[in-house]
Amino acid sequence: MNAQNKPLGFSELEEAKRALDVPLFAGLSGDADVSFEFFPPKSEKMEQTLWDSVITLEPLNPRFVSVTYGAGGSTRERTHATVARIAKETNIPAAAHLTCVDASKDEIKEVATAYWEAGVRHIVALRGDPPSEGQAFEPHPQGYASAAELVAGLKDIAPFEISVAAYPETHPEANCPQTDLDNLKRKLDAGASRAITQFFFTAEAFFRFRDAAGAAGIDAELVPGILPVSNVAQTRKFAGMCGAEIPAWMNDLFDGLDDHPSARQLIAATVAAELCRKLYAGGVRQFHFYTLNRAELSYAICHLLGKRPEAQSKELSA
């Protein structure tokens with residue numbers, strides 16, 4: 001097993017003890033690697049918010065930033081435009097999401113080839129959600145039937161770096177955790193480099209998943225996906241769709257704050273930072289933040305983890 005999947009060793013136990021004995025974020029070395037996820041903007045104002053967030057987060061030297069792809073390819077052009085701009089105007093490696101939904105193999109090849117020609121070398125390959133909520137996934141007659149097939153197909157198109165999805169609390173459509181792990185292993189065996197998890201809210205959920213993945217023979221990098229909760233109602237909806245559990249204590253923390261956005265932000269940062277600190281104490285050194293196109297919470301948590309500005313944008317460094 002690699003460092004991501006092995007049981008806690010002596011040094012990590014010492015780190016866990018230190019985390020209890022001193023201020024939680026004191027003296028962290030900044031050795032964590034981070035990445036960020038955005039969604040394509042729907043308006044000029046949203047595009048400016050997104051771009052401000054990219055520029056704010058760029059100096060933290062992320063490994064990559066990814067841009068999501070709407071159900072049924074509904075954001076295809078906007079996703080491509082956003083990814084291409086990031087690749088052209090910043091020093092951040094850009095990753096494009098790509099799904100199987102409502103697309104033939106030829107259409108996916110066209111999209112992937114356009115990304116390659118735009119300088120994009122990293123794809124987040126997903127089966128994808130059906131265009132209508134509650135529908136069952138139906139493969140396109142000339143398309144890929146699963147994310148594992150999509151990964152293999154993309155590898156035939158170009159030597160992309162590929163990330164896939166993982167579910168610490170099991171994909172809602174899986175009939176058991178082992179079936180879900182088997183599917184994850186198929187995606188990695190097909191050529192994916194890493195798995196980025198769906199969000200979760202307890203460190204124990206990730207550690208149980210990491211241990212189970214290791215026992216299933218999965219030794220690829222498992223990157224926890226972190227969602228700082230800025231909108232509680234929206235998060236509850238997301239959690240219901242992806243099988244993530246919101247602990248009762250977390251519901252209680254946000255209760256009564258609907259009309260207090262600043263207080264929600266402070267609590268969201270505290271909760272997410274504490275989760276990251278526990279993961280760090282357990283040996284995790286890679287984090288992927290679901291930003292919802294806003295930089296403040298993710299930037300604050302990275303700062304607490306010891307990350308400090310390094311790189312500047314191409315425009316500023318020219």
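Predicted model: local features only at pLDDT ≥ 70, side-chain atom pairs only at ≥ 80, totals over all residues.

Guide: We'll take the cores, then the rings, then one serine.

Visitor: How many residues are in the largest nonpolar core?

Guide: It has 68 residues. Phe36, Leu154, Leu279, Phe287 and Phe289 have the most contacts inside it. A nonpolar core here is a set of buried Ala, Val, Leu, Ile, Met, Phe, Trp, Tyr and Cys residues joined through side-chain atoms within 4.5 Å. Buried is under 20% relative accessible area, exposed is over 50%, and partly exposed is in between (1.4 Å probe, protein chains only).

Visitor: Which helix gives the most to this core?

Guide: Helix 10, residues 261-281, with six residues. Helices (H or I, at least four residues) and strands (E, at least two) are DSSP runs, numbered from the N terminus.

Visitor: What is leucine 279 in contact with?

Guide: Beyond neighbours within four places in sequence, leucine 279 contacts Phe200, Ala203, Phe206, Phe207, Pro224, Ile226, Val284 and Phe287. Contact means heavy atoms within 4.5 Å.

Visitor: OK, rings. How many aromatic pairs?

Guide: Five. Rings of Phe, Tyr and Trp (its six-membered ring) pair if their centres lie within 6.5 Å; planes under 30 degrees apart are stacked, over 60 edge-to-face, the rest tilted. Tryptophan 116 and phenylalanine 160 are edge-to-face, 5.1 Å centre to centre, with 90° between the planes. They sit 44 residues apart: tryptophan 116 in helix 4 (residues 105-117), phenylalanine 160 in the loop between helix 5 (147-157) and strand 5 (161-166).

Visitor: Why does tryptophan 116 count as partly exposed?

Guide: Because its relative accessibility is 25%. Phenylalanine 160 is buried, at 1%.

Visitor: Which charged end sits over the ring of tryptophan 116?

Guide: That of arginine 121, 3.7 Å from the ring centre. The rule is NZ of Lys or CZ of Arg within 6 Å of the ring centre and within 35 degrees of the ring normal. Arginine 85 lies over the face of tryptophan 51, at 3.8 Å.

Visitor: And serine 66: where is it?

Guide: In strand 2, residues 65-67. Serine 66 counts as buried because its relative accessibility is 1%. Its side chain makes a 3.2 Å polar contact with that of histidine 97. A polar contact is a pair of N or O atoms within 3.5 Å; within protein, one must be able to donate a hydrogen and the other to accept it, and residues adjacent in sequence count only if both atoms are side-chain atoms.

Notes. Residues numbered from 1 in each chain as written. Heavy atoms only, no water.
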